[in-house]
Amino acid sequence: MLIKKKKGRLNIIIKYYLNIQPLFKISKNAFIPKPKIESIFLILKPCKKKYFVNNINNLKLIVKESFKQCRKKIKNNLKNIFTIKQLELIQINPNYRAENILLSEFCIMSNLITINNFYKNKYFKI
């Protein structure tokens, strides 16, 4: 594949809305001034939602909080939203970092907050 797999906040949200298909590489020499990195041309197509989310704002907030401090474990980044027991209950390893969490798992967390009033503090008032 042409794209390096590096997850981030933007990557997760884009994957929720779009299918991303790399088309071809663009040489550094095609730009003035010449950048230090290679570029790639992507096709972004709106996609049928793969995962159901009750409230997109909850999904965005969970993703934002998860990636706030990238090198911290999810149990620390989301400690104001989920307890360790709650994460384990939904089969998300609390020792994972945000980049190890799948889009489907972010969607599950979002839906639990929306449907079950599954929150710990001030972030989610339904």
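Is Phe 106 buried or exposed, and what is its relative accessibility? Phe 106 counts as buried, at 0% relative accessibility. The model discussed here is predicted.

**Helix α1**
- Helix α1 spans residues 9–17, and its residues Ile 12, Ile 13 and Tyr 16 are buried.
- These residues lie on the same side of α1, because the arc they cover around the axis is only 90°.
- In general, an α-helix has 3.6 residues a turn, so residues three or four places apart point the same way.

**Salt bridges**
- Side chains of opposite charge can pair when their charged atoms come close.
- The structure contains two salt bridges.
- One of them joins Glu 65 to Lys 68, with 3.1 Å between the closest N and O atoms.
- Within this pair, Glu 65 is buried at a relative accessible area of 6%, whereas Lys 68 is exposed at 53%.
- Glu 99 forms a salt bridge with Arg 71, and here the closest N and O atoms are 3.1 Å apart.
- Glu 99 belongs to the loop between α4 (84–89) and α5 (103–116), and Arg 71 to the loop between α2 (56–66) and α3 (74–77), so the pair ties together parts that are 28 residues apart in sequence.
- Glu 99 is partly exposed, with a relative accessible area of 28%, while Arg 71 is exposed, with a value of 57%.

**Glu 105 in helix α5**
- Glu 105 is located in helix α5.
- Glu 105 counts as buried because its relative accessibility is 16%, and buried means under 20%.
- When neighbours within four places in sequence are left aside, Glu 105 is in contact with Gln 91, Ile 92 and Asn 100.

**Aromatic pairs**
- Three aromatic pairs are found in a search of the whole structure.
- Phe 24 and Phe 41 form a stacked pair, with 5.2 Å from centre to centre and 5° between the planes.
- Phe 24 lies in strand β1 (residues 18–26) and Phe 41 in strand β2 (residues 39–46), so this pair ties together parts that are 17 residues apart in sequence.
- Phe 24 is partly exposed, with a relative accessible area of 40%, and Phe 41 is partly exposed, with 39%.
- The pair of Phe 67 and Phe 106 is tilted, because the ring planes are at 35°; the ring centres are 6.3 Å apart.
- This pair links distant parts of the chain, 39 residues apart: Phe 67 is in the loop between α2 and α3, and Phe 106 is in helix α5.
- Phe 67 is buried, with a relative accessible area of 8%.

Methods. Residues numbered from 1 in each chain as written. Predicted model: local features only at pLDDT ≥ 70, side-chain atom pairs only at ≥ 80, totals over all residues. Heavy atoms only, no water. Buried < 20%, exposed > 50% of the residue type's maximum accessible area, 1.4 Å probe, protein only. Helix = DSSP H or I, 4+ residues; strand = E, 2+ residues; numbered from the N terminus. Arc of directions from axis to C-beta. Salt bridge = Lys/Arg side-chain N within 4 Å of Asp/Glu carboxyl O. Contact = heavy atoms within 4.5 Å. Phe/Tyr/Trp six-rings, centres within 6.5 Å; stacked < 30°, edge-to-face > 60°.
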